[in-house]
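Please read it alongside the sequence and the coordinates.

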Amino acid sequence: MVRFALGRPNALERRPKRLARAIPALSVGIASLLPLAPIVAEVGWMPDTGLLLLLAWRLLRGDVIPAWWAAPLGLWNDLVLGHPIGLSVVIFTGSMVLLDLLDRRTMWRDYWLEWLLAAALIVVAEVVRWQVDGAMGARYPLVTILPASAISVLTFPLAAWAASRIDHWRLGR
């Protein structure tokens with residue numbers, strides 16, 4: 001009895017956290033705050049960590065973040081980062097819908113294909129932001145978004161690892 005009380009609980013006694021359904025959305029909301037770190041740079045190179053974690057969650061487990069959550073999470077991302085209202089809403093929602101359509105078409109995906117999908121969506125998101133910035137009067141060459149795109153694509157595995165660790169923790173494994 002005493003050893004049982006002092007030992008780790010076995011697999012049958014562990015259970016998901018109380019707010020297990022909300023943890024993925026909360027983690028994306030918190031990840032949207034990361035670019036607010038006090039780093040000074042002439043060109044925006046910081047990746048959109050909210051988008052990275054949303055893609056990581058969606059590719060890791062397609063059932064934990066419903067597609068309709070993309071709009072509120074995108075609005076939060078717009079409000080926090082100062083993007084034009086609706087930009088991240090469109091990007092997040094478009095990404096979720098596209099990934100839902102791809103889930104219906106593909107039978108299986110491996111790690112490299114998921115990274116390629118995330119890279120394509122990240123680059124499209126950066127180009128859309130560049131186009132919207134240009135329409136609002138901010139003229140800068142397309143070359144300036146290359147570092148941000150490259151850093152975002154290269155840090156996606158870190159976001160995928162973070163999502164898997166959070167998922168592991170939230171399910172009590």
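About 30 Å³ of space lies in the largest cavity, where a cavity is a set of points, on a 1 Å grid over the protein atoms alone, at which a 1.4 Å probe fits but cannot get out, and a volume is the space filled by probe spheres set on the points, which are joined across faces, edges and corners. This is a predicted model, in which local features need pLDDT of at least 70 and side-chain atom pairs count only at pLDDT 80 or more, while totals for chains, interfaces and linings use all residues. Residues are numbered from 1 along each chain as its sequence is written, and side-chain values use heavy atoms, with hydrogens and water left out.

**The cavity**

- The structure holds one cavity of 30 Å³ or more.
- Pro47, Asp48, Leu51, Leu52, Ile122, Glu126 and Ser152 line the largest cavity, lining residues being those with an atom within 4 Å of a point.
- H3 and helix H6 (111-135) each supply at least two residues of this lining; helices are DSSP runs (H or I, at least four residues) numbered from the N terminus.
- By class, the lining of the largest cavity has four nonpolar, one polar and two charged residues, where Ala, Val, Leu, Ile, Met, Phe, Trp, Tyr, Cys and Pro count as nonpolar, Asp, Glu, Lys and Arg as charged, and the others, Gly among them, as polar.

**The second largest pocket**

- The second largest pocket has a volume of about 210 Å³, a pocket being an open set of points with protein on both sides within 12 Å along at least five of seven lines.
- Its lining consists of Ala31, Leu34, Pro47, Thr49, Leu52, Leu53, Thr155, Leu158, Ala159 and Ala162, which divide into eight nonpolar, two polar and no charged residues.
- Helix H3 (49-60) and helix H7 (146-170) each contribute at least two residues to the lining of this pocket, and H7 gives the most, with four residues.

**Packing of H3 with H7**

- H3 and H7 pack at an angle of about 60°, with their axes 8 Å apart; axes are lines fitted to C-alpha atoms over the stretch in contact, and angles run from 0 to 180 degrees between N-to-C directions.
- That angle makes H3 oblique to H7, since angles under 35 degrees count as roughly parallel, over 145 as roughly antiparallel, 65 to 115 as roughly perpendicular and the rest as oblique.
- The contact (heavy atoms within 4.5 Å) includes Leu52, Leu53 and Trp57 of H3 and Thr155, Phe156 and Ala159 of H7.
- The residues of the contact of H3 with H7 divide into 12 nonpolar, three polar and two charged.

**Packing of H6 with H7**

- H6 and H7 pack at an angle of about 150°, with their axes 9 Å apart, which makes H6 roughly antiparallel to H7.
- Among the residues that make this contact are Trp115, Ile122 and Glu126 of H6 and Ser152, Val153 and Phe156 of H7.
- By class, the contact of H6 with H7 has 11 nonpolar, two polar and two charged residues.

**Packing of H3 with H5**

- H3 and helix H5 (residues 87-105) pack at an angle of about 20°, with their axes 11 Å apart, which makes H3 roughly parallel to H5.
- Residues including Leu51, Leu55 and Arg58 in H3 meet residues including Phe92, Leu99 and Asp103 in H5.
- The residues of the contact of H3 with H5 divide into eight nonpolar, two polar and three charged.
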